[in-house]
Structure formats: structure tokens, C-alpha cells
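These are my notebook entries on one structure. I set down what I looked up, element by element.

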Amino acid sequence: MDLCQDFLARHRVSPHDDVALGSYLHLKSDPAAWGLLIDETAWSDRTTAEPPTARNFASQGLTIDLYPYQQTGADFLASMADRGVGVLLADQMGLGKTLQAIALLLDQREDGPALVVGPASLLRNWCREFRLCAPDISVLNHSGPLRTGIAQGLSGYDVVLTSYDTLINDLSFLGTIEWNVVVLDEAQSIRNPDTARAEAVKSLNRRISLALTGTPVENRLLDLWSIAEFVIPPLLGNRAAFEDAFPDELDRAHEVGRIVAPVTLRRLVADVAKDLPDLIQIETAFELAPADRIRYDHVLATAAGPLAATTALRVVCAHADGFSWTGAGRSPKAEHALRLIAEAFEEAQKALVFASFQTTLDCLFDAVQAEHPGAFLGVIDGRTPADARQSIIDLFSSFEGPGALFMNPQAAGVGLNITAANHVIHFNPEWNPALTSQATARAYRRKQDLPVTVHHLFYESSVEEDALNRADWKRDLADMVDAGTTSEGS
């Protein structure tokens, strides 16, 4: 009893008083709470709990309909922001973390500017998502050599986008701005608290912190401590006390999960499948790295005819000449594909990766094999004998654990049933949308028990974007034929 009284007194909590949210979080974060504090709240039940306040995000300018679980998530983010509390949004990939964050920024934009920090390779995709989902929000992509060097150059925008590296370089004035909301995309990028990027984002002046990551713990519990220190600095205490109280052990990991539960939203695809279509299509845009853009423009200027130019430009965008696969030179699209595969593997799930060129498949295979030696990996393309392909698929399907097949859509686009995989990555677009659809159908077919998430990766302002636009037109053309056939029959 004395221990309990001392514990409450240290936190200035009376046994007969209501406990404010801030005090509650401090109580849970104290290592001394172990054995003294029993938490009977239901904060961690995000899949069934009603949102505190239902928001009409459409009236605020959101042009995309939210699925029910996304509405619940966005309502939770907004209600926590109203209390001045940050959130770790840790939904599994494919569930729309970006869209929920945009809904929050719409809800909060009258209270001051927001900063979104993420990998440089994803800034273009954020710009695209804002154009599609919230066109009324004014957005500045603060990157590149021509970016402003003064805080006044950022004024007048609702949202500023920047990369982790640019933040470090421009912290002298980005750190002087009073941000209403700071969003970290791919927040696992700050899992090492000793890095310059972790120190930079945590030094920002901000009212609300929102961390987006599908993998809050990659290697050790300290990963989560570093992210939580950004979301709510005192939540898990200081580093030394945390590492002493929470070694990397299963029971301590469970207790850390209980501590961060009030400010964490974590849903898996399987948990919210009833709110989702069976097929989730996600297009992700990237900007060619400067060296690749120079090569792209050179090919465009020197190619002998349109057909040769198209093929050569596709090679550049698919990195099929091996130029962008080593060290720091790895392409942004490759980095993202590897992140998607890693996240699928975190859930012990399987992926199909389609690319048009053998070199691309080989480079992806080698990169994944180096990072995930315990996963099942296979390649099916024109080099694979037809009578050997089903054996590879059988081994892939029976393997107990994560796996990936790297395939050419022409070699593996028809006749194969690969429902063991529920993630599909199209590394480069095809001119023929039917080929892409047939490749996707290897996983999205009868006997598939889980929703299938399909990622289409492409470079903006390139032949790949042209291919996607052309594919959309071809699909619209086919849909009109179907509509005409149906109306004639009726």
C-alpha cells in the first residue's frame, strides 16, 4: 500500500480524482507501474469502438470516400489532435495511412501549417495524393536545389513536404517554425535514436505529432521507444530507464504494447476485411533520381525512332540495366518495393513481384535474398522451363513462412494459381492492361482467403505514366463495350 501511495504521490494523482489523459500516459510510462497498475480501460480496441466524434471530412474538402475503418481512424486522429495528443498510426500496408493522415490535415488546417517528412522517393506520391484527395489544400514540395532557404519562403502553404535528409540540412529555419502538425511517413526511419534524422525530427516545434509506419518494431523494442519519443516524448520515459526496464523479452514487449496502446492505432487487413473490397489497388508515383533523369533525357534525345525510344526508356525506368541497384544509388522505386516486401514478410505473408525485364527480376531477387535469407524466393520468367513452373509454385505455396516469387507477366500471367500470395507488386507498368490484370489474377482468384493488395509503381513524367494513362483509356474502352452489350441484351 505504501508503494502505491508513493507511486501516486510522485505523479501528483489523488486516489479519488479523475485522471487526465496526460497523467494517465505518465502513469503507464513509469517503469515503477509494473506490478502496481492494472489498466482496465479499452483503449486498444480500435476495431469495434465507436469514434469519439464523427467528422464530415467531405465537407472539409476530402474528395475520396473513406472506408468505415478509415473513417474510424481519421476520427480518432482528429479527436486526439483536439486534445493536443499525438498518435502512432501503425495500420498494415494497403489500409490507407496516407489518406487518413490527409483527412487529419484537412480537419486541422485552420490551426496552423503542417509539415510532412518522409523518404525523398515518396514526396511525389504525397503531392499526387493531395491533388486527388484534397485539392483545396495548398501544398509545397520543399526539396531539390531550387528550394527556399528561408522560413518566409514556406509561408502561405497549408502543408509543406520535405525529406528526412532535407530536414537535416534545413533544420536551421525549419526548426524555427511553429508547426501545428508534423507527420512522419515511414516513421521506422527514426527507429535508431542516435541518427541525425531522429534528432532532427524530435527537435521540431510542433503541437501534434503523427507517425505513420506499418512496422513500428523491426529489430528491438528500442525502435518503438524512438518513434514514441517523437509522438509523445515522455510516454516511455528516458532511454536509459526504458532499456533497463524493458529488455527484448516477450512479456516486456507485451507490456510496452499496453503502454503505447492509448496513442496507437494498429489494424491488420484480416481485422478489417469486412470493410474492404477483395482487391485493393494502390498506385504509387516516384520521381526519377537526378542521374536516372539525365540518362532518361539522353535516351529520349538519341533513340532511333519512337518504338526504340519507348523500349529504351522503359529499361531506364525499370532499372533493367542494373545501374541503380547498388549502395546509396539504389532507385527510389526499388527501395519502396523492398519495403513493401519486408512489410509483407513481417506478417509471414507472401508476395508476387512482376517486372518485364530479366535484369530487374534478378536484382530484386538478389536484394531480397540478402535481406531475408530465411524466406522462400523463386523466379519464373522466360528462362524457367514450362514444366518446372508448377513445381516452383507448389514449393512456394507449401512453404511455412514468408516468400516471394519474381515473375515476368508474360511467362506467369496466365494459367497459374498462386493464391498463397496476397500481395502483388507491379514494378513497372505494361502497355497492355489485360496483361497486368491477368498477372494480378494469379493471386486474386477462387480459393483466395484474404483481400489482395496490388501495388502499381511508376515514375511521374515518364513513359511509365504514359503507359498507365493509356491502360486506363483501354480499360474505359472495354468497359463501354461491356456497357453497350449489357444494354442491348436488356
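I took helices (H or I, at least four residues) and strands (E, at least two) as DSSP runs, numbered from the N terminus. The model is predicted, so I noted that local features need pLDDT of at least 70 and side-chain atom pairs count only at pLDDT 80 or more, while totals for chains, interfaces and linings use all residues. Residues are numbered from 1 along each chain as its sequence is written, and side-chain values use heavy atoms, with hydrogens and water left out.

Entry 1, helix α13. I checked its length: α13 (residues 306–318) has 13 residues and reaches 18 Å from its first C-alpha to its last, close to the 18 Å expected at 1.5 Å a residue. The expected span is 1.5 Å times one less than the number of residues. I then looked up burial, where buried means under 20% relative accessible area, exposed over 50%, and partly exposed in between (1.4 Å probe, protein chains only). In α13, the residues A309, L313, R314, V316, C317 and A318 are buried. Just after α13, H319 takes a positive phi of about 55 degrees.

Most residues other than glycine have a negative phi. I found that A348, which is not a glycine, has a positive phi of about 60 degrees. A348 sits in the loop between α14 (332–346) and β9 (350–354), and it is partly exposed, with a relative accessible area of 46%. S461 also has a positive phi, near 55 degrees, and it lies in the loop between β13 (452–459) and α19 (463–489).

I recorded an open sheet of seven strands in the order β3-β4-β2-β5-β6-β1-β7, with parallel pairing. β3 (139–141) and β7 (264–265) stand at the edges, each with a single partner strand, so one side of each is left without a neighbour in the sheet. Two strands pair if DSSP finds at least two bridges between them.

Which strands are joined to β6 by bridges? Three bridges join β1 (residues 87–89) to β6 in parallel, and five join β5 (residues 179–184) to β6, also in parallel. L210 of β6 stands opposite V87 and is the bridge partner of V183. The chain crosses from β5 through helix α8 (residues 196–202) to β6 in a right-handed β-α-β crossover; right-handed means that, with the strands pointing away from the viewer, the path from the first strand over the helix to the second runs clockwise. L184 has A211 of β6 as its bridge partner. Six of the seven residues of β6 (residues 206–212) are buried, so this strand is largely enclosed by the rest of the structure.

I located D381 in the loop between β10 (376–380) and α16 (386–398). Is D381 buried or exposed? It is buried, with a relative accessible area of 1%. Its side chain makes a polar contact with the side chain of R383 (2.6 Å); such a contact is a pair of N or O atoms within 3.5 Å, and within protein one must be able to donate a hydrogen and the other to accept it, with residues adjacent in sequence counting only if both atoms are side-chain atoms.

I placed L364 in helix α15 (residues 358–371), where L364 is buried at 0% relative accessibility. Leaving out residues up to four places away in sequence, L364 touches W325, A337, L338, V353, F406 and F427, contact meaning heavy atoms within 4.5 Å.
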